[in-house]
Amino acid sequence: MGGGGGSGTGFAALQNQTTDLCNASRKIKAKEIEACLKAFGKRPTEYKVAVDGLSIYVAESNPVKELSLAQLEGIFTGKIKNWKEVGGSDSPITVYSRENSSGTYEFFKEHVLKGKDFASSAQTMPGTAAVLQAVAKDKTGIGYGGAAYGVGAKHLLVKPDDATPGIDPTEENVLSQKYPIWRYLYVYVNPAQDKGEIAAYLNWIRSDEGQKIVKDVGYYPLPANLRQK
């Protein structure tokens, strides 16, 4: 996909036929499939290409080490406003989020906020790297992003519920789906274009060699049963 801007932008480019491949961090929506059917008469082909664990990031100096999914929902919807409510110091929480065209934003809203809106005070950042930079400099900040990023800020352990210990977003925990905030990453392609170099690329990215690169850029390789033999 040329350019950034998130999954929504990529699906729009696929419909307008200004891109051959659309990278997406969420599944295509029904209305996007409809737009593709209108544009090129076919449903785009979906390929799973990697697994991602979404990490929760705070500043290195933040004493909090773990949060439950319920606490994360409270913080990101604005119900929990002070770090002391979750075992931290007495300071207001600053929420950093992604823009609403981002698949990461939609995934987080659906899976962690259960469809509720982000706090109106949340600061919107244009990418995960920007979220991380903001959180690293703001000792009251909290943000989220792919496990691939993590320079300058620390990630928290996440508890699926109050009774379960916090889980680290390691490869093993993400692939076994023990870590609760995980997703597949996809590539969508117009089936008419799915030949020649594009088909070769899609086969390669799901081969052992391609999956090694997935790992080098900071995502997790697909489980063996989903790879290209």
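Which residues of helix α1 (residues 7–15) are buried? They are Ser-7, Gly-10, Phe-11, Ala-13, Leu-14 and Gln-15. Here "buried" means under 20% relative accessible area, "exposed" means over 50%, and "partly exposed" lies in between (1.4 Å probe, protein chains only). Helices (H or I, at least four residues) and strands (E, at least two) are DSSP runs, numbered from the N terminus.

Before going on, a word about the model. This is a predicted model, in which local features need pLDDT of at least 70 and side-chain atom pairs count only at pLDDT 80 or more, while totals for chains, interfaces and linings use all residues. Residues are numbered from 1 along each chain as its sequence is written, and side-chain values use heavy atoms, with hydrogens and water left out.

**The whole chain**

The chain holds 8 helices and 9 strands. Its radius of gyration is 18 Å, close to the 17 Å that the globule rule gives for 229 residues, so the chain is as compact as a globular protein of that length. This radius is taken over C-alpha atoms, and the rule is 2.2 Å times the number of residues to the power 0.38. Along its principal axes, the C-alpha trace spans about 60 × 35 × 30 Å.

Of the 229 residues, 51% are buried. A contact means heavy atoms within 4.5 Å. Among contacts between residues at least 6 apart in sequence, 68% join residues at least 24 apart.

**Helix α1 and its cover**

Let us return to the helix we began with. The cover over the buried residues of α1 includes β1, α2 (30–40), α4 (103–111) and β9. One of those buried residues is Gln-15, which counts as buried because its relative accessibility is 18%. Leaving aside residues up to four places away in sequence, Gln-15 touches Glu-32, Ala-35, Cys-36, Ala-39 and Phe-40.

Why is strand β9 (residues 182–189) described as largely enclosed by the rest of the structure? The reason is that 7 of its 8 residues are buried. Two strands pair if DSSP finds at least two bridges between them. Strand β1 (residues 21–24) is joined to β9 by 4 bridges, and these strands run antiparallel. In this pairing, Asn-23 stands opposite Val-187 of β9. Strand β2 (residues 45–59) is also antiparallel to β9, with 8 bridges joining them. Here Val-51 has Tyr-184 in β9 as its bridge partner.

**Positive phi angles**

Most residues other than glycine have a negative phi. Just after α1, however, Gln-17 takes a positive phi of about 60 degrees.
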